[in-house]
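I opened my notebook to look up the pocket, the sheet and the disulfides in this one. Here is what I wrote down.

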Amino acid sequence: MSVLKSWTGGAIVLLALAGGLRAEVTVSQSNIPEGVMQSGLVSVLVQERAGFDAVPEDHLSTMVSAPMATATDADTPPSRLTEGWLSRQPAPDADAQTACLASALYHEARGEGVAGQQAVAEVILNRVDDGAFPRSVCGVVNQRSGGSCQFSFVCDGRSDKPANAAAYRQSLRIAQAMLDGAPRNLTDGATYFHTRSVRPVWSKRFVNTANIGAHLFYRKPVRTASN
């Protein structure tokens with residue numbers, strides 16, 4: 001009986017979509033319940049076929065198409081990356097920009113946990129968006145100024161090949177998430193950072209925006225018309 005109800009419901013919907021198509025239903029007068037059911041079923045099937053024939057093809061394809069996939073929590077980066085979320089992500093793309101960013105995170109902050117590496121990634125990506133720096137991740141990471149490198153690991157004379165494979169894989173995941181648009185909300189627009197063990201002269205002129213792990217983060221002060 002439930003199958004009959006399902007077919008009947010489908011026929012009603014299709015008839016409505018076809019602009020109110022009507023069909024005569026002849027109900028059997030048999031006193032045998034099975035006979036009534038068979039007659040009613042044939043009538044329903046006739047109406048259903050007529051309904052399908054009357055519905056425009058594009059409308060019918062819309063009715064039977066599978067719903068579009070929507071983003072899930074697993075796809076959307078949280079406001080602050082976590083090890084749990086990163087572990088559920090697919091393997092990162094092995095392109096040049098991801099590799100450059102991951103290398104910087106690994107060498108500059110692999111001992112700082114996820115937050116420390118996310119913060120360094122913010123600085124690099126903020127520089128890419130700032131006209132005063134190169135316009136690519138690799139350009140920012142490998143930038144030299146006044147005979148020195150912006151990131152010390154680039155020109156310290158040692159091999160940049162990661163010695164800790166697991167730590168590098170984590171840096172790759174963080175790099176990919178940041179390049180894919182994870183929020184940059186840890187350092188308030190910072191474009192510079194240094195370790196707590198040093199106090200560079202330039203830090204006195206800049207705004208300290210965050211202190212995360214072993215690093216202090218800065219951005220240039222905002223200039224106003226009166227300055």
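First, my terms: on a 1 Å grid over the protein atoms alone, a pocket is an open set of points where a 1.4 Å probe fits, with protein on both sides within 12 Å along at least five of seven lines, and lining residues have an atom within 4 Å of a point. Points are joined across faces, edges and corners, and a volume is the space filled by probe spheres set on them.

This is a predicted model, where local features need pLDDT of at least 70 and side-chain atom pairs need 80 or more, while totals for chains, interfaces and linings use all residues. I count residues from 1 along each chain as its sequence is written, and side-chain values use heavy atoms, with hydrogens and water left out.

**Pocket.** I looked up the largest pocket and got about 350 Å³ of space. Its lining includes Glu108, Arg127, Tyr192, His194, Trp202 and His215. Strands (E, at least two residues) and helices (H or I, at least four) are DSSP runs, numbered from the N terminus.

**Sheet.** I followed E3 into an open, antiparallel sheet of three strands, in the order E3-E5-E4. E3 and E4 (207-212) are at the edges with a single partner strand each, so one side of each has no neighbour in the sheet. I noted an average twist of 25° from one strand to the next. Strands pair if DSSP finds at least two bridges between them. E3 has four bridges to E5 (residues 215-219), and I saw His194 opposite Leu216 there. E4 and E5 share five bridges, with Val207 opposite Arg219. In their hairpin, two residues sit between the strands, and Gly213 has a positive phi near 60°.

**Disulfides.** How many disulfides does the structure hold? I counted two, taking a disulfide as a pair of cysteine sulfur atoms within 2.5 Å. In one of them, Cys100 and Cys138 have their sulfur atoms 2.1 Å apart. Cys100 is in helix H5 (residues 96-109) and Cys138 in helix H7 (residues 137-141), so the pair ties together parts 38 residues apart in sequence.

Definitions and conventions. Axes are lines fitted to C-alpha atoms, for helices over the stretch in contact, and angles run from 0 to 180 degrees between N-to-C directions.
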